[in-house]
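User: Hi, could you walk me through this model piece by piece? I will ask as I go along.

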Amino acid sequence: HDPDADRCAMAAPMRDGSWRLLRGDEVGALLGWWTLARASEFKLATPQGTFANSIVSSTLLGKMAAKNNMPFQFTLTGFKWIAKIEDLLFGFEEALGYCVDPASVRDKDGISAGLRLVEMAAHLKANNRTVNDVLDDIAREFGLHRTDQLSVRMSDLAAIPAAVARLRATPPATVAGMTVLEVIDLKNGWSGLPPTDGIMLQLEGGRVIARPSGTEPKLKCYLECIIDNTSDIAAAEKAANDIIAKMKSDMALALGV
């Protein structure tokens with residue numbers, strides 16, 4: 001078994017003619033959009049089922065599902081949780097794992113996801129559109145959702161739970177200038193999920209989840225900022241990148257790493 005075959009990444013042309021690798025959450029949004037759009041484009045039956053993504057992935061897919069009156073569920077980190085969702089239609093995790101055809105492969109599968117992306121790209125090209133056009137449309141409708149990670153490898157394994165405990169005991173009042181609206185201890189469960197070790201900060205304009213890695217000696221901090229003013233997409237992207245950079249430095253300070 002080749003683990004790389006489970007994962008699927010995508011590159012897109014930039015406005016200046018260069019190329020960039022899309023983030024896992026961006027590919028997730030595109031596949032979620034295409035799961036809905038391809039039905040009308042190819043005169044297929046209206047898709048039925050539940051959208052899902054891991055708790056550390058973007059909040060965008062849940063908003064897209066709600067707009068289209070589709071059920072949505074967050075899951076714990078790890079694709080085994082996504083695969084357990086009853087009536088799953090499409091599920092993903094930010095670490096490049098996608099399930100686009102659960103009736104055939106009820107797991108992350110880069111081959112079927114890659115084929116679905118090629119199908120989408122070919123359809124867009126035939127209509128003189130690009131994946132960037134779709135991402136811009138999604139941003140205009142739902143706000144620009146920019147995600148990133150602060151990932152810190154630690155040789156002293158005891159330092160990882162200590163950093164999480166520090167955040168739990170003294171969470172910041174603001175992150176990158178955004179007010180912390182709520183501090184959620186995931187050890188108590190959240191939104192129907194089983195308890196897990198981690199802290200969620202709900203921000204006025206974003207979200208942070210800090211947790212120990214389940215597979216490596218790392219502390220991971222998943223960052224998301226949301227820019228609602230997308231009248232100028234390029235300006236919104238610059239603002240989001242600046243905010244994410246500040247979120248990284250503020251969370252490093254809050255975690256003491």
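User: What stands opposite Leu 201?
Analyst: Leu 201 has Val 208 in β11 standing opposite. Before going further, note that this is a predicted model, in which local features need pLDDT of at least 70 and side-chain atom pairs count only at pLDDT 80 or more, while totals for chains, interfaces and linings use all residues. Residues are numbered from 1 along each chain as its sequence is written, and side-chain values use heavy atoms, with hydrogens and water left out.

User: And how do strands β10 and β11 pair?
Analyst: Strand β10 (residues 199-203) pairs with strand β11 (residues 206-212) in the antiparallel sense over 5 bridges.

User: What about β12, mostly covered or mostly open?
Analyst: β12 is mostly covered, as 10 of its 10 residues are buried, where buried means under 20% relative accessible area, exposed means over 50% and partly exposed is in between (1.4 Å probe, protein chains only).

User: Which side chains go which way there?
Analyst: In a regular strand the side chains alternate between the two faces of the sheet. In β12, Lys 218, Lys 220, Tyr 222, Glu 224 and Ile 226 point one way, whereas Leu 219, Cys 221, Leu 223, Cys 225 and Ile 227 point the other way, and all are buried.

User: How many bridges join β12 to β7, and how many to β11?
Analyst: β7 and β12 run antiparallel and are joined by 10 bridges, with Ser 151 standing opposite Lys 220 in β12. β11 and β12 also run antiparallel, joined by 7 bridges, and the partner of Arg 207 in β12 is Glu 224. A hairpin of 5 residues joins β11 to β12.

User: Where is Asp 228, and is it buried or exposed?
Analyst: Asp 228 sits in the loop between β12 and α7 and is exposed, with a relative accessible area of 64%. From Phe 142, Asp 228 is 86 residues away in sequence but 7.4 Å away in space, C-alpha to C-alpha.

User: Switching topic: how do α1 and α2 cross?
Analyst: The axes of helix α1 (residues 24-41) and helix α2 (residues 60-67) come within 9 Å and cross at roughly 15°. That makes α1 roughly parallel to α2, since angles under 35 degrees count as roughly parallel, over 145 as roughly antiparallel, 65 to 115 as roughly perpendicular and the rest as oblique.

User: Which residues meet there?
Analyst: In α1, Gly 28, Ala 29, Gly 32 and Trp 33 meet Leu 60, Leu 61 and Met 64 in α2. The residues of this contact of α1 with α2 divide into 5 nonpolar, 2 polar and no charged, where Ala, Val, Leu, Ile, Met, Phe, Trp, Tyr, Cys and Pro count as nonpolar, Asp, Glu, Lys and Arg as charged, and the others, Gly among them, as polar.

User: And what are the pairing partners of β5?
Analyst: β5 (residues 88-93), with 6 of its 6 residues buried, pairs with strand β3 (residues 50-54) in the parallel sense over 4 bridges, and Phe 51 stands opposite Phe 90 in β5. β5 is also joined by 3 bridges to strand β6 (residues 97-99), and these two run antiparallel. β5 and β6 form a hairpin with 3 residues between them, and Leu 96 in the turn has a positive phi of about 65°.

User: Last one: what does Thr 75 touch?
Analyst: Thr 75 is in strand β4 (residues 72-75) and is buried, with a relative accessible area of 2%. Not counting residues up to four places away in sequence, Thr 75 touches Ala 52, Asn 53, Ser 54, Ile 55, Trp 81, Ile 82, Ile 85 and Leu 193.

Methods
Axes are lines fitted to C-alpha atoms, for helices over the stretch in contact, and angles run from 0 to 180 degrees between N-to-C directions. Contact means heavy atoms within 4.5 Å. Two strands pair if DSSP finds at least two bridges between them.
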